[in-house]
Amino acid sequence: MAMDAAEIERLIKEALPGALVTIEDLRGDGDHYAAHVISAAFKGKTRVQQHQMVYRALQGRMGNELHALALQTSPPED
C-alpha cells in the first residue's frame, strides 16, 4: 500500500512543529519520495539524529507503506 505525500508531510509536521517540509514523489508511484525538512529541533543534533527524528515521526511506516525516502535535513539558518 502506497503512502500519500500529504500524509508524510502531516506526520513530520505533527512530530516537529514549525518544521518546513517539502516532499517530492520521485517516481510517481507513491513509494519513492524525497523529503527536505528544516526544523529548529535539529539544532545541535547530528545528521543521523536528525534522520532518526524524521523516521520516528513516520511511526513505523518506513519500510512498510513507505518504501524509500531520500532525506535532507537541517536546522534553520541563523
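A nonpolar core is a set of buried Ala, Val, Leu, Ile, Met, Phe, Trp, Tyr and Cys residues joined through side-chain atoms within 4.5 Å, where buried means under 20% relative accessible area, exposed over 50% and partly exposed in between (1.4 Å probe, protein chains only). The model is predicted: local features need pLDDT of at least 70, side-chain atom pairs count only at pLDDT 80 or more, and totals for chains, interfaces and linings use all residues. Residues are numbered from 1 along each chain as its sequence is written, and side-chain values use heavy atoms, with hydrogens and water left out.

**View 1. The largest nonpolar core has 19 residues.** Those touching the most other members are I8, I12, L16, V37, V54 and L69. Two or more residues come from each of α1 (5-15), β1, β2, α2 (47-57) and β3 (68-74). Helices (H or I, at least four residues) and strands (E, at least two) are DSSP runs, numbered from the N terminus.

**View 2. Surroundings of L16.** Leaving aside residues up to four places away in sequence, L16 touches V37, S39, A41, F42, M53 and V54; contact means heavy atoms within 4.5 Å.

**View 3. The β1 and β2 hairpin.** Strands β1 (residues 20-25) and β2 (residues 32-38) pair in the antiparallel sense over 6 bridges; pairing requires that DSSP finds at least two bridges between two strands. L20 has I38 in β2 as its bridge partner. Between the strands lie 6 residues, and G28 in the turn has a positive phi of about 75°.

**View 4. A34 in strand β2.** A34 is buried, its relative accessible area being 18%. Beyond residues up to four places away in sequence, A34 touches T22, I23, E24, L26, L69 and A70. The C-alpha atoms of A34 and A19, 15 residues apart along the chain, are separated by 16 Å.
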